Amino acid sequence: MVCEHTTRARFLLAGLLGLLAAGGLLLGPRAASAHETGQPHEHAAHADDHHDHDHDHEHGATADYDLRQRSESGGGLEALLFYVFAATVLGSGLAICISTNIVRMAVYLFVTLSGVAVMFFLLLANFIGVIQLIVYAGGTLILLIFGVMLTSKSPWVRFDVKRGELIAAGVVCTVLAVALLTVVVGANWPTNDTAVEGASVADFGKALMTTYLVPFEAISVLLLVVMIGAALLARQE
Amino acid sequence: MFDIGLTHYLVVATLLFVMGVFVMVTKRNAIGILIGVEMVLNGASLNLIAFNRYTTGGLPRVDGQVGSLFVIVLAAAEAALAVAICMNFYKNLNTVDVDRGDELAG
């Protein structure tokens with residue numbers, strides 16, 4: 001019985017990881033081709049638009065047309081990938097909610113984090129997607145698993161939750177979800193849906209070193225403090 | 001339906017956030033609560049990136065991405081400290097069941 005259960009979980013996990021890999025493979029060529037075909041046109045049009053905005057209405061209109069056309073051609077694949085990975089993220093999130101085993105929860109969290117990273121790629125935030133995979137899925141999750149190993153006598157230890165508490169939490173979270181979804185779906189967000197190329201890593205670095213210099217320095221000091229603090233907290237007497 | 005927009009991503013982020021809150025509230029294992037916090041932070045991060053993609057008016061702005069980077073860094077820092085605290089908790093009480101940490105309760 002136990003063995004059977006484990007095998008099923010393993011198949012499920014292998015399936016999810018395969019899905020992730022397939023998504024990455026599908027996404028890679030699409031991003032590359034968009035880069036090759038779209039970048040020069042857009043760059044030129046964009047520069048013109050910026051320099052003499054008043055004189056060159058015609059050029060701006062062409063650029064808009066180009067962008068819209070490209071967005072439409074990539075729309076079907078984008079929708080497919082979005083739904084597949086939305087299902088991955090939400091399904092593994094639900095599995096974390098249901099699971100009572102901490103190791104299994106950590107593994108499902110890995111799937112969730114990877115799915116969110118793919119969503120970052122879909123949203124043209126390539127650098128953040130990579131950072132999400134490296135720091136979150138590669139670093140933070142390993143830290144959590146080390147935490148599990150260091151703080152339990154057996155990896156199969158489980159703490160049962162009272163049924164009443166579960167029901168109360170379920171009701172509260174359902175109300176919260178309904179309220180938030182009502183706002184999110186009903187609100188008239190000021191979207192400006194032009195399919196831009198994602199900002200380059202150079203843009204990102206410039207923003208980090210100019211506009212956001214103070215938060216950047218503050219967060220580096222914070223990391224130092226956290227490193228010392230964690231070492232101090234975890235030291236053996 | 002097949003035209004993916006801002007609202008689609010916001011719905012996914014909202015559901016991730018709510019599931020994170022549920023995990024935080026219902027798990028008694030301290031590490032499990034930490035996993036819930038990570039889910040909530042990921043939902044917030046997805047929100048930031050989605051708004052950055054759909055509301056910059058065609059300019060290569062990175063404001064939302066910078067915010068998301070800070071969220072990721074803070075999450076890593078928070079996880080490191082929380083795991084250290086969990087280890088102390090375990091050293092003192094020989095368990096990571098947060099319901100047992102009630103020595104200060106009246």
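**View 1. Where chain B meets chain A.** The contact draws 73 residues from chain A and 65 residues from chain B, two residues being in contact if their C-beta atoms, placed from the backbone, lie within 7 Å. On the chain B side, helix H1 (6–26), helix H2 (30–54) and helix H3 (63–93) each supply at least two of the residues that touch chain A. H3(B) gives the most to this side, with 20 residues. Sorted by class, the side of chain B that touches chain A has 43 nonpolar, 16 polar and six charged residues. Here Ala, Val, Leu, Ile, Met, Phe, Trp, Tyr, Cys and Pro count as nonpolar, Asp, Glu, Lys and Arg as charged, and the others, Gly among them, as polar. Helices (H or I, at least four residues) and strands (E, at least two) are DSSP runs, numbered from the N terminus.

*Before you go on.* This is a predicted model, in which local features need pLDDT of at least 70 and side-chain atom pairs count only at pLDDT 80 or more, while totals for chains, interfaces and linings use all residues. Residues are numbered from 1 along each chain as its sequence is written, and chains are lettered from A and ligands numbered from 1 in the order in which they are written.

**View 2. The largest nonpolar core.** This core has 74 residues, and Ile35(B) and Ala50(B) have the most contacts inside it. A nonpolar core is a set of buried Ala, Val, Leu, Ile, Met, Phe, Trp, Tyr and Cys residues joined through C-beta atoms within 7 Å. A residue is buried if 20 or more other C-beta atoms lie within 10 Å of its own, exposed if 12 or fewer, and partly exposed in between. From chain A, helix H3 (75–98), helix H4 (102–122) and helix H5 (126–150) each supply at least two residues of this core, as do H1, H2 and H3 of chain B. H4(A) gives the most to this core, with 15 residues. Domain 1 (2–161) and domain 2 (199–237) of chain A both contribute residues, so the core lies between them; the domain bounds come from an automatic or database domain assignment.

**View 3. Ala50(B) and its partners.** Which residues does Ala50(B) contact, leaving aside its neighbours within four places in sequence? In chain A the partner is Leu123(A), and in chain B the partners are Leu6(B), Tyr9(B), Leu10(B) and Ala13(B).

**View 4. Val184(A) beside chain B.** Val184(A) sits in helix H6 (residues 163–186) of chain A. It counts as partly exposed, with 18 C-beta neighbours inside 10 Å. Not counting residues up to four places away in sequence, Val184(A) touches Thr7(B), Leu10(B), Val11(B) and Thr14(B).

**View 5. Glu78(A) on helix H3.** Look for Glu78(A) in helix H3 of chain A. Is Glu78(A) buried, exposed or in between? With 17 other C-beta atoms within 10 Å, Glu78(A) is partly exposed. Glu78(A) touches Leu122(A) in chain A and Ile4(B) in chain B, not counting residues up to four places away in sequence. Val185(A) is 107 residues from Glu78(A) along the chain, and their C-alpha atoms are separated by 20 Å.

**View 6. Two residues with a positive phi.** Most residues other than glycine have a negative phi. Leu124(A) has a positive phi of about 65° although it is not a glycine, and Asn94(B) likewise has a positive phi of about 65°. Leu124(A) is in the loop between H4 and H5 of chain A, whereas Asn94(B) is in the segment after H3 of chain B. With 20 C-beta neighbours inside 10 Å, Leu124(A) counts as buried; Asn94(B), with 11, counts as exposed.

**View 7. Chain B on its own.** Chain B has three helices and zero strands. Its radius of gyration, taken over C-alpha atoms, is 18 Å, well over the 13 Å that the globule rule gives for 106 residues, so chain B is more spread out than a compact globule. That rule is 2.2 Å times the number of residues to the power 0.38. Along its principal axes, the C-alpha trace of chain B spans about 55 × 25 × 25 Å. Buried residues make up 53% of the 106 residues in chain B.

**View 8. Chain A and its confidence.** Chain A has eight helices and zero strands, and buried residues make up 24% of its 237 residues. Its mean pLDDT is 77, with 64% of residues reaching 70 or more; pLDDT is the predictor's confidence in each residue, from 0 to 100. Over residues 31–73 of chain A, pLDDT stays under 50.
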